[in-house]
Amino acid sequence: MPIVEIPAFTDNIIWGLQDGDHLLVVDPGEAAPVMRHLEREGLLLCGILITHHHADHVGGIGDLLAMAPLASLDIPIYGPSACLPHGVNTVVQEGDVVEFESMDIRLSVFAVPGHTEDHIAYFGFASDATPRLFCGDTLFAAGCGRLLGGTAAQLHSSLQRLAQLPPETVIYCAHEYTLGNLLFASHAHPGHEGIQTRLSEVRARRQEGRSTLPTLLSTERATNPFLWAANVSEFASIRAAKDVFRAP
Ligand SMILES: [Zn+2]
């Protein structure tokens, strides 16, 4: 099943899962790019998955419902309870399973607090045997989300849990932050060969205006310092160092 990257704002990514007729989107922070995609591809919107309540993830829901060609009048909008005021109509939490049978999509909901208290992720399969993770602002390529509501202990534990998923898991994060994250990783771990190699590759891709996403969990385990923290205080200090880091 094609999973397409729909760019929004300056560095957000709205992930779209589509068959020939339907589109399911993750975190539509704005409606216009999704509308253009639907029109260009002749698709009907059949559902929305939300990871957390930030405006750049939920802000497009209302306009999409008002303007998009919909598969039905009551398409499901899954998300945490804190997102009910933003248009979520089907609250999901840890242990729930989200299914779109006609598209052969089956995703389990994980509670992954830290970036926010309410953050969830969707992990599972979409029409093939490849494990896929839609993780919003929890795990980024070579980085992780800031603490904007949750605690370092929560985010550390959420990232450790995600790190245990199968190494071949494809990771769909909600922002193109990879280059900045690798500049920090390279600063924090000078001389780390894997980070240097990835930094060169990512720099080249960005210079050509190309995306660096999705990423693979195996790549993150090898080059994402936020997954290496042995305990909460180590994690809190690397998160704090990144918060004030300015690339040279
Ligand atoms: Zn966020």
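Two strands are taken as paired if DSSP finds at least two bridges between them, and strand β9 (residues 120-126) and strand β10 (residues 132-136) of this predicted model are joined by 3 bridges and run antiparallel.

**View 1. The pairing of β9 with β10, and the open sheet that holds both strands.** Across the antiparallel pair formed by β9 and β10, Tyr-122 stands opposite Phe-134 in β10. The two strands belong to an open sheet of 6 strands, which follow one another in the order β7-β8-β9-β10-β13-β14 with mixed pairing. The edges of this sheet are taken by β7 (97-100) and β14 (215-216), each of which has a single partner strand, so that one side of each is left without a neighbour in the sheet.

**View 2. The hairpin of β7 and β8.** Strand β8 (residues 105-111) pairs with β7 in the antiparallel sense, and 4 bridges connect the two. Within this pairing, Glu-99 has Arg-106 in β8 as its bridge partner. Between the strands of the hairpin there are 4 residues, and Asp-104 takes a positive phi near 60° in this hairpin.

**View 3. The largest nonpolar core, seen around Cys-135.** The largest nonpolar core comprises 64 residues, and those with the most contacts inside it are Phe-134 and Cys-135. If residues up to four places away in sequence are left aside, Cys-135 touches Val-112, Ala-121, Leu-162, Ile-171 and Cys-173. Phe-134, named together with Cys-135 for its contacts in the core, is also the residue of β10 that Tyr-122 stands opposite.

**View 4. Helix α6 and its two sides.** Helix α6 (residues 193-207) has 15 residues, which at 1.5 Å a residue should span 21 Å, and the end C-alpha atoms are 21 Å apart, in agreement with that expectation. Ile-195, Arg-198, Leu-199 and Val-202 are buried in α6, and, seen down the axis of α6, the buried residues fall within an arc of 110°, so they line one face of the helix. These buried residues pack against α5 (178-188) and α7 (217-223), whereas Glu-193, Thr-197, Ser-200, Ala-204 and Gln-207 are exposed on the other side of α6. Just after the helix, Gly-209 takes a positive phi of about 75°.

View 5. Strand β4 (residues 44-49) pairs with strand β5 (residues 77-79) in the parallel sense over 2 bridges, and Leu-49 has Tyr-78 in β5 as its bridge partner.

View 6. Leu-45, which has its place in strand β4, counts as buried because 24 C-beta neighbours lie inside 10 Å, where 20 or more are required. Apart from residues up to four places away in sequence, Leu-45 touches Leu-23, Leu-38, Leu-64, Ala-68, Pro-69, Leu-70, Ala-71 and Ile-75. Leu-65 is 20 residues apart from Leu-45 along the chain, and the C-alpha atoms of the two are separated by 9.0 Å.

Note on methods:
Residues are numbered from 1 along each chain as its sequence is written. This is a predicted model: local features need pLDDT of at least 70, side-chain atom pairs count only at pLDDT 80 or more; totals for chains, interfaces and linings use all residues. The expected span of a helix is 1.5 Å times one less than its number of residues. A residue is buried if 20 or more other C-beta atoms lie within 10 Å of its own, exposed if 12 or fewer, and partly exposed in between; C-beta atoms are placed from the backbone. The arc is that of the directions from the helix axis to the C-beta atoms. Two residues are in contact if their C-beta atoms, placed from the backbone, lie within 7 Å. A nonpolar core is a set of buried Ala, Val, Leu, Ile, Met, Phe, Trp, Tyr and Cys residues joined through C-beta atoms within 7 Å.
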